[in-house]
Amino acid sequence: MTLPSGDRQLLVWPNPDAVAAAAAARIIEIAHESILARGRFRIALAGGSTPERTYAFLSQPSEQGRLAWSAVDVFFGDERVVPHDDPRSNFGMASRALLRHVPEARVYPIPTAGSPADCAAMYAATLATAFDISTNGAPPRLDLILLGLGDDGHTASLFPGAAALNELNAWVTWSPPGTLPPPVDRVTLTYPVLNAARAVLFLVTGKNKADALRDVCSHAPVPRRPAAGVAPAGRLTFFADEEAAALCTNKRG
Ligand code: 6PG
């Protein structure tokens, strides 16, 4: 069953491991489609803790065959402004869980040495170079952007009521900490990039996400639930476990 508008789906599994296995399978499917169509698969990884299980499944050989890692370009949806070897770093988490498979030259971490604003500008330039486009033009079109959902309805580092929600030109911006830990400045992709994606996949597990997921699936106001502002040109799919989806009406198991 799809959600009220467009190519949007909420898919529900019994537990976080089942969500991670299903999400990894979908990611491999999208990767194969992208490589077949364009010779490359350009993905932006989500941070936080939920995606770690999915990255672990992606790291294992699967019945769909291994990903052609040499054809994969890895970007990041957001980053905490801490050193990459800091335990709070999203790049550090992805490196431990997944990135040993990807040629280093094809991994594009968000820089964190410098002011958050400078790091954001540098990452926009990185995207322009990687996609061979101008930062004055249309945003880069990633094949897949993975996103998490905060208990408060934030996604990437687009926090409720933050100025970053109003950034509709720059591809990358920065934000002071939201109300949820860790209390550090962030660098984040903006809605123009998120919504240019061919596909967006949310990974949402745990009962503490149930209120936010219900609100996002029923199009709550964006300033209150920023994840509701993610409406990509392509496919939008929420992969959730039963606890997180407990309050949602439009779901398919
Ligand atoms: C981050 C993430 C953030 C995360 C949500 C959910 O840097 O923390 O980008 O948007 O996806 O806060 O985090 P959990 O998966 O840890 O619940």
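**Exercise 1.** In this predicted model, find the distance from an oxygen atom of the ligand to an N or O atom in the side chain of Asp 78.

*Solution.* Start at the side chain of Asp 78: one of its N or O atoms is 2.7 Å from a ligand oxygen. The cut-off for a polar contact is 3.5 Å between N or O atoms. Next, take Lys 209, where a side-chain N or O atom is also 2.7 Å from an oxygen of the ligand. Finally, turn to the backbone: a polar backbone atom of Ala 156 is 2.6 Å from a ligand oxygen. As for burial, the ligand taken alone exposes 420 Å², and the protein buries 87% of that.

**Exercise 2.** Describe the surroundings of the ligand: how many residues surround it, and how do they divide by class?

*Solution.* Then count the shell, which has 15 residues, the closest being Ser 49, Thr 50, Asp 78, Ala 156 and Lys 209. Sorting the shell by class gives two nonpolar, nine polar and four charged residues.

**Exercise 3.** Which residue forms a salt bridge with Asp 143, and what parts of the chain does the pair tie together?

*Solution.* A search of the whole structure returns 13 salt bridges. In one of them, the partner of Asp 143 is Arg 38, with 2.8 Å between the closest N and O atoms. Now place both residues: Asp 143 is in the loop between α4 (116–131) and β5 (144–148), while Arg 38 belongs to helix α1 (residues 16–38), so the pair ties together parts 105 residues apart in sequence.

Conventions
Residues numbered from 1 in each chain as written. Predicted model: local features only at pLDDT ≥ 70, side-chain atom pairs only at ≥ 80, totals over all residues. Heavy atoms only, no water. Near = heavy atom within 4 Å. Polar contact = N/O pair within 3.5 Å; in protein donor to acceptor, adjacent residues only side chain to side chain. Areas by Shrake-Rupley, 256 points an atom, 1.4 Å probe, with all protein chains shown as cover. Nonpolar A, V, L, I, M, F, W, Y, C, P; charged D, E, K, R; others polar. Salt bridge = Lys/Arg side-chain N within 4 Å of Asp/Glu carboxyl O. Helix = DSSP H or I, 4+ residues; strand = E, 2+ residues; numbered from the N terminus.
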